[in-house]
Number of protein chains: 2
Amino acid sequence: MRGLGEGLVQKPLTVAEQVANVLRESIADGSLAAGTPLRQDDLAERFGFSRMPVRDALRQLEAEGIVSIHPTKGAHVARMDATEIREIFAVRELLESEALRLSVPNLTREKLDEAGHVLNQIDAEPNVGRWGTLNRIFHLALYSACGNARLLGLIEAHHNAADRYVRILLSSLNYRSQSQEEHRDLLTTCRHRDAAAAVRVLRKHLGDGMATLAQAGPTRKP
Amino acid sequence: MRGLGEGLVQKPLTVAEQVANVLRESIADGSLAAGTPLRQDDLAERFGFSRMPVRDALRQLEAEGIVSIHPTKGAHVARMDATEIREIFAVRELLESEALRLSVPNLTREKLDEAGHVLNQIDAEPNVGRWGTLNRIFHLALYSACGNARLLGLIEAHHNAADRYVRILLSSLNYRSQSQEEHRDLLTTCRHRDAAAAVRVLRKHLGDGMATLAQAGPTRKP
DNA sequence: AACCGTATACTCGTATACGAGAATCCACAT
DNA sequence: ATGTGGATTCTCGTATACGAGTATACGGTT
């Protein structure tokens, strides 16, 4: 939910935001596994700042659902059990289907080519950590013409929250080729301006991911 | 997006959260109009605490989208133009329709009666400020059996973000009776377990609200 | 009189400091 | 050996303090 609404105005980049960005990336690429405690002192020292910006960053990440904070007990990378993952995927399916449906008729040739380019990048990318980001860029490119900034913001937030699990899924199984195949199907239907078909492919894509993830072994709560 | 996920565990209530709650309420009921600057010093003095908890509270409210913060320039109650309001209502329609569809089959008699009771409370409530809260309680009661906590959290967040505009709408026009009529239709269809009809009524309800709001005169950005 | 530059005041972001609560560990008793 | 009680340590929440950036107001200049 970062930058909902007035995302246009240029704001000075505060230390807290930089810390938040680094942490978000580290969590997404798996460097910080679910459940990892996030001690304010440690982070402050590691980043070379005081605890205050770190606090702000943690609170922001909490709002994004990536970190959970218990007063007097500290913060840790949010853990998700199978139920929560299922919930996120259900919401993603809802949000992204709608965004895609709205976007397809308005997609420019440039956007479509851009999305296709990202797919090639994914094929060429050996680093699994980068994959999650590229995946998000591809999806958002297809939704970008939906004409609803808030909807896009919600989708991005849910990608951030779920990407690290998708990443696990991709690295452990040989799911990537199947995913890429679905991606290309998706792009093709978009090129044909067939919104209904595109939505069907997307639903299958997300459903497959969810099913594979559930099967791969759900992470449990402490 | 407050309390997404682990909303079950009991957490100590920190000062920052109390401040956030008071501010959220004040913004929702219109005491703090859109665009009102929120000075950290003022708030800290008014609440009798230091600026730190106030900062935390503001950041949380920013994440919820009802306050916007510009570093070095301060915070103010988020302004929404007609476009943003339209976006919020579109998202609400999407989220709430799905939640209602999922919830209707699982609604207990108790929940339905509870919702009906809230409608009577609304009829009896002279204070317009309270109306927004009751409205939210009614809607959430109907969605509560949807089985997706995250979805419910999103819906609540969007209510919080939009309620103050709905409130304006209700106080200025004589929209309340129409709204209540639609509410009762909604409850009736839910009692009959007719999810499709319920969703239709809900879509009309939200569409009407949106249309009336757009007509009533959109608020402009500074 | 209008405009521009400088100085002042204001507000925020960050750092440091202190006190409270929880968790842990050790000693002692059972 | 195990369980309980207390003290210590760790971490967080809040308060206070300082420095930087921005807006504003005033005075000088054209």
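How many nonpolar, polar and charged residues does the surface near DNA strand D have? By class there are seven nonpolar, six polar and four charged residues. Here Ala, Val, Leu, Ile, Met, Phe, Trp, Tyr, Cys and Pro count as nonpolar, Asp, Glu, Lys and Arg as charged, and the others, Gly among them, as polar; a residue is near the strand if one of its heavy atoms lies within 4 Å of it.

Before you click on: this is a predicted model, where local features need pLDDT of at least 70, side-chain atom pairs count only at pLDDT 80 or more, and totals for chains, interfaces and linings use all residues. Residues are numbered from 1 along each chain as its sequence is written, chains are lettered from A and ligands numbered from 1 in the order in which they are written, and side-chain values use heavy atoms, leaving out hydrogens and water.

**Stop one: around the DNA.** Select DNA strand D, which 17 residues surround; among the closest are Arg51(A) and Thr14(B).

**Stop two: contacts.** Pick Ser50(B): an N or O atom of its side chain is 2.6 Å from a phosphate oxygen of DNA strand D.

**Stop three: the hairpin.** Thr72(A) also sits in the turn between S2(A) and S3(A), with a positive phi of about 70°. Finish on His70(A), which stands opposite Gly74(A) in S3(A).

Definitions and conventions. Polar contact = N/O pair within 3.5 Å; in protein donor to acceptor, adjacent residues only side chain to side chain. Pairing = 2+ DSSP bridges. Helix = DSSP H or I, 4+ residues; strand = E, 2+ residues; numbered from the N terminus.
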